[in-house]
Structure formats: structure tokens, C-alpha cells
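Visitor: I would like to learn how to read the features of a model like this one. Could you take me through them with care, giving the general idea and then the case at hand?

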Amino acid sequence: MQLHMKIFVPGTIILAVFCFGYLVVILCQRARNCFGYLVVILCQRARKNQSDFRLAPKNGDLFSIWNFDGKIAYEDIIEATEDFDIKYCIGTGTYGSVYRAQLPSGKVVALKKLHHWEAEEPALFKSFSNEVRMLSEIRHRNIVKLHGFCLHKRCMFLVYEYKERGSLFSVLSNDTEAAELDWTKRVHIIEGLAHALSYMHQNCTIPILHRNVTTSNILLNSEMVASLSDFGTARLLFPNSSNRTMLAGTRGYIAPELPYTMSPTKKCDVYSFGVVALEIIMGRHPGELFSLVATSSLMSTKSSLGLHIMLKDVLDPRLSPPRIQPVASSVVMLATLALACLRSIPKSRPTMEHVSKELLNRRPKLPKPLHEISIQELMNQEM
């Protein structure tokens with residue numbers, strides 16, 4: 001009996017230990033799986049929100065990482081710009097000054113720098129942060145590339161790819177440079193802008209509104225390829241939200257309904273695109289023309305004032321009218337789309353996706369010579 005008890009008790013203990021051990025293993029395995037899953041989520045979020053925070057080597061290539069070490073970057077930038085000497089300043093943006101800098105690696109970048117008083121302004125700091133946030137989510141051929149940013153106690157700056165020809169506004173304002181911008185180049189610039197806005201509106205997880213599409217915010221490289229820039233006032237367009245906000249944009253490019261609704265929509269960017277497209281075609285801001293177009297679009301009669309304006313009379317006089325059939329057809333198509341984008345009623349404007357697709361289609365032969373086409377004819381076309 002005693003022998004049986006001696007055998008039975010250890011057996012019970014062994015069985016209990018085995019069950020407890022098995023339970024511990026199961027719990028540990030589940031805990032490990034859960035912890036692993038949590039680590040994966042945290043790593044994914046870290047990669048998504050902060051990208052790669054590896055330190056760059058001293059005087060290293062800033063382009064190999066997204067965010068880079070502030071001290072190292074700051075020292076290189078200070079050396080390259082001689083402490084942001086005015087001789088390196090190439091312009092000003094919505095906020096901050098823009099500098100050209102050649103890094104120790106030999107690469108040239110553009111820097112948008114916030115000055116002391118600007119960094120202390122909540123609105124300007126918000127624009128700085130907003131630009132970083134927006135451009136970190138965007139990858140498109142016709143949108144300026146943000147290489148990184150630096151936060152330093154003395155100043156803050158963004159590092160962009162450098163665009164040799166500067167802003168489209170500057171090029172159009174210079175007769176010599178504007179003459180170099182032939183019709184083919186102008187067509188490609190408008191197409192690139194349309195594709196960039198279509199990407200922002202349709203292909204991003206949450207649509208992005210630029211809210212300040214102007215010729216000053218379109219940069220050109222040495223080959224006159226356009227890139228949309230200055231995302232300080234851009235915002236995400238959340239569904240099922242009023243999206244009401246403070247008025248942003250540049251006078252002359254803002255959709256007419258925006259000051260009343262204070263709720264930016266995709267059609268506001270569409271309107272701004274229309275203004276810019278006409279400005280590129282005309283070589284100057286459309287001014288009274290698109291006001292006339294807006295008035296004409298509200299008139300049911302075809303005898304409106306726009307009827308007597310010929311397309312040839314609004315084309316940039318610094319260029320000869322396009323004579324090659326494909327180029328002339330493209331210019332007419334661009335003018336037609338631009339006018340449709342300027343319609344007073346937002347719902348009647350095309351989407352940027354529609355505009356982008358139309359520009360990818362092959363141009364049909366013009367039914368009549370370009371010099372016989374009126375603005376009113378183009379306005380009456382369905383888009």
C-alpha cells in the first residue's frame with residue numbers, strides 16, 4: 001500500500017507538471033506570436049511614418065536615406081551655403097527662403113529654410129510640417145521630390161531636388177526664355193501638371209488637394225520638365241467630412257465658390273489647373289478672359305461676348321502659331337479642357353482624372369484651320 005502510494009503521488013505530480021508545462025508552452029507561444037505581430041505592426045508604422053533613421057556618415061550622401069541626422073546635415077549645409085549667405089538665395093516661397101547648395105558629394109539641392117521669426121510662427125511651422133507630411137507620401141514624376149529635412153535649434157529647412165530653370169512664372173515672364181518654351185514643351189508641361197493632380201486626387205489612399213496651383217509653384221528642370229511644388233497649404237480630403245478650413249491659395253487662381261463655401265474640393269484644384277493651362281497657352285495670366293468665360297458660361301445664348309474672341313488672338317504672341325497638325329490639335333485640346341475647367345458651376349467641371357485621360361488620347365485632325373476657331377466654339381464642346 002505504501003509502495004503504491006509512493007508510486008501514485010510522484011505520478012500525479014509528474015502529470016500535473018507536464019500539463020502545467022504544456023500550458024506554459026502554449027501561452028508562451030501565443031504570447032510570442034502576439035508580441036511578434038505587435039513588433040511587425042510597430043516596425044511597419046515606423047517605416048511608414050518615419051522611414052529610415054540610420055545616421056548618415058560625415059559628409060555622406062544625403063540621398064541614401066529619408067530622414068537624416070540633423071547635426072551632420074546641418075554642418076554640411078552650413079558649409080555649402082556659408083551659413084545661408086544671401087548670394088546662395090535663389091528665391092522665396094509661400095514661407096521661407098530658397099537656397100541653392102552643392103553638397104560635399106557634388107550633388108546640388110534646393111533648400112527651403114525657415115528663419116528664426118518664421119519658425120516661431122505657429123502657422124508657418126504648421127506649413128513646414130504639412131509639406132513634409134504630404135511630400136513623404138507622394139512619388140510622382142511631375143511632383144517635386146523631397147530628399148529630407150533638418151530640424152535644428154538654430155533653423156529648420158527642407159531639402160529638395162534642384163530644378164535648374166526655376167519657376168514657370170519666371171520663365172514666362174522673360175521674353176527670351178518664354179520664346180524657348182515652344183508649343184511642344186508647353187503642351188508637355190500642361191500634361192505633366194494634369195497627370196500630377198490626377199495622381200493626387202485619384203491614386204493616393206486619401207485624396208490630396210494642393211490648394212495653391214499656380215505658375216509660381218511649377219518648377220522646371222534643364223529639359224523643361226515640370227514638377228508641382230509648394231505643398232505647405234495642401235491637405236488631405238477625408239470622406240464623410242465637411243473639410244471646412246481657412247481660405248488658402250493665390251488670388252487669381254482660387255475657384256470662385258471657395259470664398260463662400262470655405263470647403264475646398266477637387267474641383268477647386270481643377271479650376272486652378274484651368275487658369276494655369278490658359279496662362280501657359282497665352283503666355284500671361286488670363287485675367288479678364290476667364291472672367292469673360294465665366295460670364296459666358298452662365299448665358300444660354302450663343303451670342304455671348306466670348307463668341308467674338310478667336311483662339312489665335314489669345315495665343316502667346318512671342319511664339320508663331322502652331323502649324324504642325326499634331327501640335328495644333330494638342331493646343332486646341334488643351335484650350336478646350338482649360339475652358340471646361342473654368343466653368344462657374346463646380347459640378348460641370350471635368351475631374352483631373354478625365355483631363356489626364358483626355359490628354360493621353362490621340363488628337364483627331366482639326367475640322368478647320370486653327371485661325372478660324374473661336375473661344376465660344378471650344379466652350380460649347382462637351383467634356
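Guide: We can begin with open space: the largest pocket holds about 570 Å³, and 26 residues line that pocket, with Thr 92, Val 98, Ser 167, Ser 216 and Leu 219 the closest to its centre. This is a predicted model, in which local features need pLDDT of at least 70 and side-chain atom pairs count only at pLDDT 80 or more, whereas totals for chains, interfaces and linings use all residues. Residues are numbered from 1 along each chain as its sequence is written, and side-chain values use heavy atoms, with hydrogens and water left out.

Visitor: What is a pocket, and what is a cavity?

Guide: Rolling a probe the size of a water molecule over the atoms shows where empty space is left. On a 1 Å grid over the protein atoms alone, a cavity is a set of points where a 1.4 Å probe fits but cannot get out, while a pocket is an open set with protein on both sides within 12 Å along at least five of seven lines; lining residues have an atom within 4 Å of a point. Grid points are joined across faces, edges and corners, and a volume is the space filled by probe spheres set on the points.

Visitor: Which strands each supply at least two residues of the lining of the largest pocket, and how does that lining divide by class?

Guide: Strand 1 (89–92), strand 3 (108–114), strand 5 (156–161) and strand 6 (166–167) each supply at least two, strands being DSSP runs of E of at least two residues and helices runs of H or I of at least four, numbered from the N terminus. The lining divides into seven nonpolar, 13 polar and six charged residues, where Ala, Val, Leu, Ile, Met, Phe, Trp, Tyr, Cys and Pro count as nonpolar, Asp, Glu, Lys and Arg as charged, and the others, Gly among them, as polar.

Visitor: How many cavities of 30 Å³ or more does a search of the whole structure find?

Guide: The search finds one. About 70 Å³ of space lies in the largest cavity, and of its 13 lining residues Arg 211, Ala 248, Leu 258, Cys 268 and Ser 272 are the closest to its centre. Helix 9 (residues 266–282) gives the largest share of this lining, three residues, and by class the lining has eight nonpolar, three polar and two charged residues.

Visitor: Is Asp 316 buried or exposed, and what does Asp 316 touch?

Guide: Asp 316 counts as buried because its relative accessible area is 2%, the cut-offs being under 20% for buried, over 50% for exposed and partly exposed in between (1.4 Å probe, protein chains only). Asp 316 lies in the loop between helix 10 (288–297) and helix 11 (325–341), and, not counting residues up to four places away in sequence, touches Trp 183, Arg 186, Ile 281, Met 282 and Gly 283, contact meaning heavy atoms within 4.5 Å. The side chains of Asp 316 and Arg 186 are joined by a polar contact of 2.8 Å; such a contact is a pair of N or O atoms within 3.5 Å, and within protein one must be able to donate a hydrogen and the other to accept it, while residues adjacent in sequence count only if both atoms are side-chain atoms.

Visitor: Where does Asn 142 lie, and what is in contact with Asn 142?

Guide: Asn 142 lies in the loop between helix 4 (122–135) and strand 4 (146–151), and is buried at a relative accessible area of 7%. Neighbours within four places in sequence aside, Asn 142 is in contact with Gly 192, Ala 196, Val 225, Ala 226, Ser 227 and Leu 228, and a polar atom of the Asn 142 side chain lies 2.9 Å from the backbone oxygen of Ala 226.

Visitor: What is phi of Phe 84, and what is phi of Asp 230?

Guide: Most residues other than glycine have a negative phi. Phe 84, although not a glycine, has a positive phi of about 55°, and phi of Asp 230 is near 60°, also positive. Phe 84 is in the loop between helix 2 (70–81) and strand 1 and is buried at 9% relative accessibility, while Asp 230 lies in the loop between strand 9 (226–228) and strand 10 (235–236) and is buried at 7%.
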